[in-house]
Amino acid sequence: MTQKERMEKGLVYYCNDESILSDQALCLEKQYDYNATRPLESKKREMLLKEMFAEIGEGTYIEPPLHSNWGGKNTHLGKMVYANFNLTLVDDADIYIGDYTMLGPNVVIATAGHPIDPELRAKATQYNKPVHIGKNCWLGAGVIVMPGVSIGDNTVIGAGSIVTKDIPANVVAVGNPCRVMRPVGEKDKKYFFKNEEIDWENL
């Protein structure tokens, strides 16, 4: 089994394998081009995103700069996904992000890990586990999502949280490690921030 095949199966592999690094470099070239675009080059950005990502839905947009191990090659984005500045995708395995999900600035989504054993880790070994983020989620600024994690639809992850385990749908979750605080409910239809009410009639 080649090192790339081991990588794709989620096994421990040598991440400095030459065939892996050469493929990765081509992806990073496109990412470089994307980050070098000017603010008014929206069409060019749209074209590059379609080339870079495994899947990208209509209306999805990522604010440069984007940092991604594989330039988005292993990332699957639904429609109308929005990512603010400095999104980091450690996309050595697949990352799935559903429709209408929003990612705040400095969000990190990581699929890669390294063995705890120091002797093995010193040999440039790695393993990867996919991440799944549902539809219509909101990950606040500075959220970190760890390898193998799933987040359910409509869930909000509070700023600065570190998500180490699966989070269900329709909840607000915060902290380090991230834990469910409460369900999304009727209160959220009335208040948008603390005790400030949503002005539905004039919205």
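Predicted model: local features only at pLDDT ≥ 70, side-chain atom pairs only at ≥ 80, totals over all residues.
Let's start with E63, which sits in the loop between β3 (61-62) and β4 (66-68).

Which side chain does E63 make a polar contact with? The partner is the side chain of Y82, at 3.0 Å. Y82 also turns up among the residues that E63 touches: leaving out residues up to four places away in sequence, these are Y82, A83, N84, F85 and N86.

## Three salt bridges

How many salt bridges does the structure hold? There are three. One of them joins the side chains of D23 and K4, with N and O 2.7 Å apart. D23 belongs to helix α2 (residues 18-35) and K4 to helix α1 (residues 3-8), so this pair ties together parts that are 19 residues apart in sequence. Both ends are partly exposed: D23 has a relative accessible area of 25%, and K4 comes in at 24%.

Another salt bridge links K50 with E46, where the closest N and O atoms are 3.6 Å apart. Here the two residues both lie in helix α3 (residues 42-52), four residues apart, or about one turn of the helix. K50 is exposed, at 54% relative accessibility, while E46 is partly exposed, at 39%.

## The largest pocket

R182 pairs with D188, and their closest N and O atoms are 2.9 Å apart. R182 is partly exposed, with a relative accessible area of 27%, and D188 is partly exposed too, at 26%.

So how much space lies in the largest pocket? The answer is about 720 Å³. The pocket is lined by 26 residues, and R182 and D188 are both among the closest to its centre, along with W138, V156 and V172. Several elements give two or more residues to the lining: β17 (156-157), β19 (171-174), β20 (179-183), α5 (187-190) and β21 (191-193). The largest share, three residues, comes from β21.

Most peptide bonds are trans, and most residues other than glycine have a negative phi. This model has some exceptions to look for. Where are the cis peptide bonds? One runs from P64 to P65, with omega near 0 degrees. P65 is in the loop between β3 and β4, and that is also where E63 lies. Another cis bond joins N176 and P177, again with omega about 0 degrees. P177 is found in the loop between β19 and β20.

Now for phi. N170 has a positive value, near 60 degrees, though it isn't a glycine. N170 lies in the loop between β18 (162-163) and β19 and is partly exposed, with a relative accessible area of 38%. K194 is another non-glycine residue with a positive phi, near 50 degrees. You'll find K194 in the loop between β21 and β22 (196-197). Is K194 buried or exposed? At 68% relative accessibility, K194 counts as exposed.

Terms used
Residues numbered from 1 in each chain as written. Heavy atoms only, no water. Polar contact = N/O pair within 3.5 Å; in protein donor to acceptor, adjacent residues only side chain to side chain. Contact = heavy atoms within 4.5 Å. Salt bridge = Lys/Arg side-chain N within 4 Å of Asp/Glu carboxyl O. Buried < 20%, exposed > 50% of the residue type's maximum accessible area, 1.4 Å probe, protein only. 1 Å grid on protein atoms, 1.4 Å probe; cavity = no way out; pocket = protein on both sides within 12 Å on 5 of 7 lines; lining within 4 Å. Points joined across faces, edges and corners; volume = space filled by probe spheres on them.
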